[in-house]
Amino acid sequence: MSPSSHVVSLVCAVLGAAPSPPATVRVMAYNVLYSSPAEDIDESLEVIEKEAPEVLCLRELTPGFAAAFRKRLGKDYPHLELMPRKGAWGVGLASRHPLRRVERFAQKPHRMPGLEADVVVGGRALKVACLHLMPPGASHRPEDSLLETLRKNDTLRKHQAEALVKRYAKERGPVLLFGDMNESRTQEAMTTFAAAGFTHACDGPDALCGDTWPGAASVVPSFVEIDHILGRQLSLSDAKVLHGGGSDHFAVRASVTLPP
């Protein structure tokens, strides 16, 4: 036992209380593709049902997907905050644990929505943010070349990451960021998160990670990792890319252990 563990045990003994055991929760992030037909929605729901995460971040959540989710899995997720929209901006959190202080917010400097909440696990709060950063090919001006569009969106995602880091800089408890970041780990938004102390689930033990886009709905094999799970003041393990489903993204999952 480490000296710090001896101190904790001694303090708890003096106070007449046992140290709280670590709490672990399974989380999953899934961009479910706003244009998915009904049969592909069913395949994506099958991935979720089989994996059975305790906290689920859904991006590109449409009214059709939300209705199908409630019908098939609603009973398994008593704590739901689904904010579907036509197109790519729908977002949702589904949880087996209570959600507190739920807030839909604009991911500055662009207004793409994020969704945050405190997930109450074993009496402790875990701040989670379900994210979708700017797609690389999203156009700004018709006259922009592809290279100019890619450059602008690289810069925009970096600014989004900086705004998120600032948003959670004063958060004293553990923070989980997960979703479709639309870039690989070596690009600037992701390195901004890393510099701010967010660790990547795929760097934890027992990881089986890899490319997440394009997913099963594409005839092109996946070739880039753009869906991520990041944590600060958390232990992340058992990360995995979940092949299957009916989206152009593969889902990612991980086990998240809160500090005692």
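**Figure 1. Overall view of the predicted model.** The secondary structure comprises 5 helices and 12 strands. Along the principal axes, the C-alpha atoms occupy a box of roughly 70 × 40 × 30 Å.

**Figure 2. The open sheet with the order E3-E4-E2-E1-E12-E11.** This sheet has 6 strands, and their pairing is mixed. Strand E3 (79-83) and strand E11 (235-242) each have a single partner strand, so one side of each lacks a neighbour in the sheet. On average, neighbouring strands of this sheet are turned by 15° against each other, direction ignored. Strand E1 (residues 24-31) and strand E12 (residues 251-257) run antiparallel and are joined by 6 bridges. Within this pairing, Thr 24 lies opposite Thr 257 of E12.

**Figure 3. The open sheet with the order E5-E6-E7-E8-E10-E9.** Here, too, the sheet is formed by 6 strands with mixed pairing. The edges are held by strand E5 (99-106) and strand E9 (199-200), each of which pairs on one side only. E5 is joined by 6 bridges to strand E6 (residues 113-121), and the two run antiparallel. Ala 106 has Pro 113 of E6 as its bridge partner.

**Figure 4. The packing of helix H4 (residues 146-167) with helix H5 (residues 188-195).** The two axes come within 7 Å and cross at roughly 20°. That angle makes H4 roughly parallel to H5. The crossing of H4 past H5 is right-handed. On the H4 side, the contact is made by Arg 157, Lys 158, Ala 161, Glu 162, Leu 164 and Val 165; these residues meet Glu 188, Ala 189, Thr 192 and Phe 193 in H5. By class, the contact of H4 with H5 has 5 nonpolar, 1 polar and 4 charged residues.

Conventions: Residues numbered from 1 in each chain as written. Predicted model: local features only at pLDDT ≥ 70, side-chain atom pairs only at ≥ 80, totals over all residues. Heavy atoms only, no water. Axes fitted to C-alpha atoms, helices over the stretch in contact; angles between N-to-C directions. Helix = DSSP H or I, 4+ residues; strand = E, 2+ residues; numbered from the N terminus. Parallel < 35°, antiparallel > 145°, perpendicular 65-115°, else oblique. Left-handed = near helix turned anticlockwise from the far one by under 90°. Contact = heavy atoms within 4.5 Å. Nonpolar A, V, L, I, M, F, W, Y, C, P; charged D, E, K, R; others polar. Pairing = 2+ DSSP bridges.
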